[in-house]
Amino acid sequence: MLVFQHNNLKATEWMAVRRELAAALQKVDDSDSFIAEGVKLQIIQSSIFSAALRVVAYWNPTRSQDRPPETSKASDPATQSSVAGIENTTPSPSDPSFTHSLSRAAYKAVAAKRNFHPLTPLLAGPVALLTFPTVSPLHLKTALSILSPRAPDFAAPTRRANPGYHDPTTQAGLQKLLLLGARVEGKVFDMEGTRWVGGIDGGMEGLRGQLVGMLQGFGASLTGALEGASKSLYFTVEGRRMMLEEEDTGGRSTGEEANASRVSKG
């Protein structure tokens, strides 16, 4: 999910930007993936979206108070003798059995966390979101090349390759968009971090390859360190053993020489 600040784009400018973005993403899709169809560029209400984020992040319905629902007894006004009455089934907003995201219990649970979510600083002013159905560095790079180009890694398409991108209406809309940050796999990134994710070579396969190479390198270095420590310990013990043997041999030789000298004197 990319977060953009928009500055009063016209309807025609939004249409032009969405058109170029969809066309570029569809070129990236292969025969097995349909990520481009799920990519959406939408304007949001910052206050409502912030409240929804807090509920999603901090509200857990299973931890709500386990109390029976509030019920009241209603008697028949025509016959006051019916003191037992029946249960009042009229719903109450404070009923603890309501644990959905719009319940009063959810509101009270996240009311104290208004500024706790990491995305809160980015949701100020007019905001638009570009959402992806799944993480794809290649699609992210393509989207950044259209909405927030920066050479050389995220260069905009040339006029010959994509004349519609350089249309005045499209360019006017793009100039009113400012990349603020992103949220990828639950982590919040700034502009540079977002471009780092989009710049991963080979997409997810390349990321997996980098991870495998990193783990293999770590394993090799750990094996080398353990082998070096074991060899050092072996040489130390072996040197100490040879030293003790030499001292023992030298002591025996000195004792034999002393005995021989006593015999000769006697």
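# A first look at this predicted model

Strand E1 (residues 2–6) is largely enclosed by the rest of the structure, because 4 of its 5 residues are buried; buried means under 20% relative accessible area, exposed means over 50%, and partly exposed lies in between (1.4 Å probe, protein chains only). This is a predicted model, in which local features need pLDDT of at least 70 and side-chain atom pairs count only at pLDDT 80 or more, while totals for chains, interfaces and linings use all residues. Residues are numbered from 1 along each chain as its sequence is written, and side-chain values use heavy atoms, with hydrogens and water left out.

**The chain as a whole**

- Of its 266 residues, 27% count as buried.
- The accessible surface comes to about 17,900 Å², and 58% of that belongs to carbon and sulfur atoms; areas come from the Shrake-Rupley method with a 1.4 Å probe, and for residues only the protein chains shown count as cover.
- Among contacts between residues at least 6 apart in sequence, 72% join residues at least 24 apart, where contact means heavy atoms within 4.5 Å.

**Strand E1 and its partners**

- E1 pairs with strand E5 (residues 127–131) in the antiparallel sense over 4 bridges; two strands pair if DSSP finds at least two bridges between them.
- E1 also pairs with strand E6 (residues 177–184), again antiparallel, over 5 bridges.
- Leu-2 has a bridge partner in each of these strands: Leu-130 in E5 and Ala-182 in E6.

**Helix H1**

- H1 (residues 11–28) has 18 residues and reaches 26 Å from its first C-alpha to its last, close to the 26 Å expected at 1.5 Å a residue; the expected span is 1.5 Å times one less than the number of residues.
- Its buried residues are Glu-13, Trp-14, Ala-16, Val-17, Glu-20, Leu-21, Ala-24 and Leu-25.
- Seen down the axis of H1, these buried residues fall within an arc of 165°, so they line one face of the helix; the arc is that of the directions from the helix axis to the C-beta atoms.
- Ala-11, Met-15 and Gln-26 are exposed on the other side of H1.

**Helix H5 and His-139**

- H5 is mostly covered, with 9 of its 11 residues buried, including Pro-137, Leu-140 and Leu-147.
- His-139 sits in H5 and is buried, with a relative accessible area of 3%.
- Not counting residues up to four places away in sequence, His-139 touches Leu-25, Val-28, Asp-29, Ile-35, Ala-36 and Phe-132.

**Ser-46 in helix H3**

- Ser-46 belongs to helix H3 (residues 46–58) and counts as buried at 15% relative accessibility.
- A polar atom of the Ser-46 side chain lies 3.0 Å from the backbone oxygen of Gly-125.
- Leaving aside neighbours within four places in sequence, Ser-46 is in contact with Leu-123, Gly-125 and Val-127.

**Asp-167 in a loop**

- Asp-167 is found in the loop between helix H5 (137–147) and helix H6 (168–174), and this residue is partly exposed, with a relative accessible area of 31%.
- The side chain of Asp-167 reaches the backbone nitrogen of Thr-169 at 3.1 Å.
- Asp-167 and Ala-16 are 151 residues apart in sequence, but their C-alpha atoms are 8.6 Å apart in space.

Note on methods:
Helices (H or I, at least four residues) and strands (E, at least two) are DSSP runs, numbered from the N terminus. A polar contact is a pair of N or O atoms within 3.5 Å; within protein, one must be able to donate a hydrogen and the other to accept it, and residues adjacent in sequence count only if both atoms are side-chain atoms.
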